[in-house]
Amino acid sequence: MNPLSLNVPIELLQKQYEQSSDAIIFFDAQHRIMAMNPQAEKLLDRRVLEESAESDRNAFCFSCRGYTSEEEPVSCINCYLSNAEKDFSSFQLYLETKTKGVVPFSASFQTVDQASGVRVLILRDLTNPIMTQQMLNRNTMMKSIIKAQEDERKRISRELHDSVAQELISSLVDLRVLKYLNVQEEALQKIQQTEASLTRLLEQIRNLSVELRPASLDDLGLDAAFRSHFKWIEKNYGVVVRFVAELGGQRFNSEVETVVYRVCQESVLNALKYANVDEIDVRLFASEHTLELVVSDQGCGFDVNANDPKGTGLGIYGMKERAELVGGEITVTSQRGRGTTVHLRIPLAAVTP
């Protein structure tokens, strides 16, 4: 036997009992509370403490809301206090606490003195681990949803480009051939009108295909995708986007590149809709520890603390949510009459290809 396991000083056990972050409660053979450490006293309602000292009743039931059994998420059937045959060395318990309401605990209920029937209940608050697990599940689900959205955007974009656009081009070629045939003037005018309509439709489909998911983002990276997007903005909106990229051709994983592209796309769109400007500045660079995107304008700005910002407010919320999924953060700074800046930072550890 390990000699270090023998003769543990009683004062160490007393310190463990008094200073433990776990709640420790001792019960006698009649399930009445005999003693509890300070952490348990912080949790339990005063009447549990008072009635435990003055009554033969099982006062602990005032606080207990049941445990998780094999049959139910919360149950009082075959209570751990009275069921000596079942193993309750590790289970989940719910207690009504003084300050936090009903709280889930990881519990262990075991006999410490067989002769007297004294047993000990040790409780560890599960609030933080459960919240962490819920956040992890939420983020995992959000990543799956966003990936599914992007995959569907990519599929539709490719379909528009490779199928619908090609069919339109074929129809345009046929119409242009008809113009050189011996047709009546009225029919020729109709052919020319149809040709113009199809040309406009083809341009719209190409724009929609790029807006859904530019092929250059997957094939060539952020630099090429941004330059193509900003040319389209200048052509369609007359707004110049001054773009500076300092990546040296560096590529990042698809998830991060998608986040950076969508955040920039949304930021530029917000500037187009609300800032009333002719120029927008975009800078994309990688510092020693982060990949960073800065989108700024000198437009009308807005109050970032206002309860009723222009638009739905979902754009900024969506950008922040996307950034958090890759460990990044977004800072939006703006003042009325002094423009707006959106600054995205993503830790470099999160952006390895």
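In what order do the six strands of the open sheet lie, and is their pairing parallel or antiparallel? The legends below concern a predicted model, and the first of them takes up this question.

Figure 1. The six strands are arranged as β2-β1-β6-β5-β4-β3, with antiparallel pairing. Strands β2 (33–36) and β3 form the edges, each pairing on one side only. From one strand to the next, the twist averages 30°.

**Figure 2. The antiparallel strands β4 and β5.** Strand β4 (residues 91–97) and strand β5 (residues 101–113) run antiparallel and are joined by seven bridges. Within this pairing, phenylalanine 91 of the model stands opposite alanine 107 in β5. Phe91 also belongs to an aromatic cluster, together with Phe27, Phe60, Tyr67, Tyr80, Phe88 and Phe109.

**Figure 3. The aromatic pair of phenylalanine 27 and phenylalanine 60.** Phenylalanine 27 lies in strand β1 (residues 23–27), whereas phenylalanine 60 lies in the loop between α3 (46–54) and β3 (64–67), so the contact ties together parts that are 33 residues apart in sequence. Both phenylalanine 27 and phenylalanine 60 are buried.

**Figure 4. The aromatic pair of tyrosine 80 and phenylalanine 88.** The rings of tyrosine 80 and phenylalanine 88 are edge-to-face, with 6.1 Å centre to centre and 65° between the planes. Because buried denotes a relative accessible area under 20%, tyrosine 80 qualifies with a value of 1%. Phenylalanine 88 likewise counts as buried, at 3% relative accessibility. Tyr80 and Phe88 are members of the aromatic cluster that includes Phe27 and Phe60.

**Figure 5. Helix α7 and its buried face.** Helix α7 (residues 222–237) comprises 16 residues and reaches 21 Å from its first C-alpha to its last, close to the 22 Å expected at 1.5 Å a residue. Its buried residues are Leu222, Ala225, Phe226, His229, Phe230, Trp232 and Ile233. Seen down the axis of α7, these buried residues fall within an arc of 160°, so they line one face of the helix. Lys231 and Lys235, on the other side of α7, are exposed. Glycine 238 follows α7 and has a positive phi, near 70°.

**Figure 6. Arginine 283 over the ring of phenylalanine 285.** The charged end of arginine 283 sits over the ring of phenylalanine 285, at 3.8 Å from the ring centre.

Conventions. Residues numbered from 1 in each chain as written. Predicted model: local features only at pLDDT ≥ 70, side-chain atom pairs only at ≥ 80, totals over all residues. Heavy atoms only, no water. Helix = DSSP H or I, 4+ residues; strand = E, 2+ residues; numbered from the N terminus. Buried < 20%, exposed > 50% of the residue type's maximum accessible area, 1.4 Å probe, protein only. Phe/Tyr/Trp six-rings, centres within 6.5 Å; stacked < 30°, edge-to-face > 60°. Lys NZ or Arg CZ within 6 Å of the ring centre and 35° of its normal. Expected span 1.5 Å × (residues − 1). Arc of directions from axis to C-beta. Pairing = 2+ DSSP bridges. Axes fitted to C-alpha atoms, helices over the stretch in contact; angles between N-to-C directions.
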